Amino acid sequence: MSIIYDIKAWEIFRAVSKTGSLSIAASHCDVTVSTASRKLTLLEEAFGERLFVRESRPIVLTPAAVELLGYVDDLLQASQRLQSLMHENDAGDTGTIRFMLPSTIGEFSAALLSEYARFAPNVRFELQIPIDVEAFRNEGADVLLLTGEPNNSAGLIKIPRGTMYFLGLASPSWVERYGFVESPEQLPECSIMTMPWHPTGITTELTRAGETVPISKEQLTVCTNARAIKSAALDGYTLALDLPFFYCVEEILQGRLVPVLNGWHRQSQPNYVVCSAQSWKLSRCRKFAHWIAHRLEDQIAACGERLRKAGVFLE
């Protein structure tokens, strides 16, 4: 999506113009300072000229930015009116959404659904964890969170929700015992745990800068529970070969898990919110699918910014 269609970017633009401070604007817009800065940079790149003089204190607008202000105010006011209308309609939605999601997101589901309840207080949820793509296809759920392309997209509505990056992670005690593994060829003869990610299966190769190296299945211990893999890695029992980056942000930033393999990683995958054609006919499912897609995309982007700022490689 082009940055010019990003309402959050324009909210940050307007907040900086009012406050003269990037950090205050970021706080008002509920984003990190690095995310706010990145979105402003993308706006400037889209317009082909500077919009702010960031070297000054307070930050001041360039003539080009001043010219945009009236249009931005109209855009944000229209957006607020549209959201109000949608939320009024949401409040009228009733019924249950059968929501199928992986365990990595299931741990955060209570907070997400509590947030959504402010918009649709009469909608209830039936959570199904972990995902079962075959059951979903047989109308076992209304909304599915999927990483990777489904084997057959016929009759499915897919909404993108960002990109999933995978990291090889180990505890400092594991690294002390086996050394800092810098390539797949150096993987020691010890426990290496992997997830059977739907729909692509276990990790059979690692990639870096266009180069691909196969991984021997004999080296791998397969586990269907990401929490169990992370726990084993934290305790120093295993190298976690392909944990999703957003699931381990705090442990990485705290130094409890260390990225290994020097940039070698499982191939990144697109994330989707998926609905069946039948469920898509239901207003409550359509609205929730769009909301959760944008909410998770923002969350993943924020996690990525935090790791990149800390110097962690993400493809």
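**Cores, cysteines and overall form**

In this predicted model, Phe245 and Phe288 touch the most other members of the largest nonpolar core, which has 49 residues. Helix H12 (residues 283-309) gives the most to this core, with ten residues.

User: What makes Phe245 a residue in contact with Leu314?
Analyst: Contact requires heavy atoms within 4.5 Å. Phe245 touches Leu314 on that basis, and its other partners include Thr163, Met164, Tyr165, Ile300 and Leu307, with residues up to four places away in sequence not counted.

User: Why is Cys285 called buried?
Analyst: The cut-off for buried is under 20% relative accessible area. Cys285 has a relative accessible area of 0%, so Cys285 is buried.

User: How do you know that Cys285 is in no disulfide?
Analyst: A disulfide needs two cysteine sulfur atoms within 2.5 Å. For Cys285 the nearest cysteine sulfur, that of Cys275, is 5.8 Å away, and Cys285 is therefore in no disulfide.

User: What is the case for Cys223?
Analyst: The nearest cysteine sulfur to Cys223 is that of Cys248, 13 Å away, and Cys223 is in no disulfide either. Cys223 is buried, because its relative accessible area is 15% and the cut-off is under 20%. By this rule the disulfide count comes to zero.

Definitions and conventions:
Residues numbered from 1 in each chain as written. Predicted model: local features only at pLDDT ≥ 70, side-chain atom pairs only at ≥ 80, totals over all residues. Heavy atoms only, no water. Core = buried A, V, L, I, M, F, W, Y, C linked by side-chain atoms within 4.5 Å. Buried < 20%, exposed > 50% of the residue type's maximum accessible area, 1.4 Å probe, protein only. Helix = DSSP H or I, 4+ residues; strand = E, 2+ residues; numbered from the N terminus.
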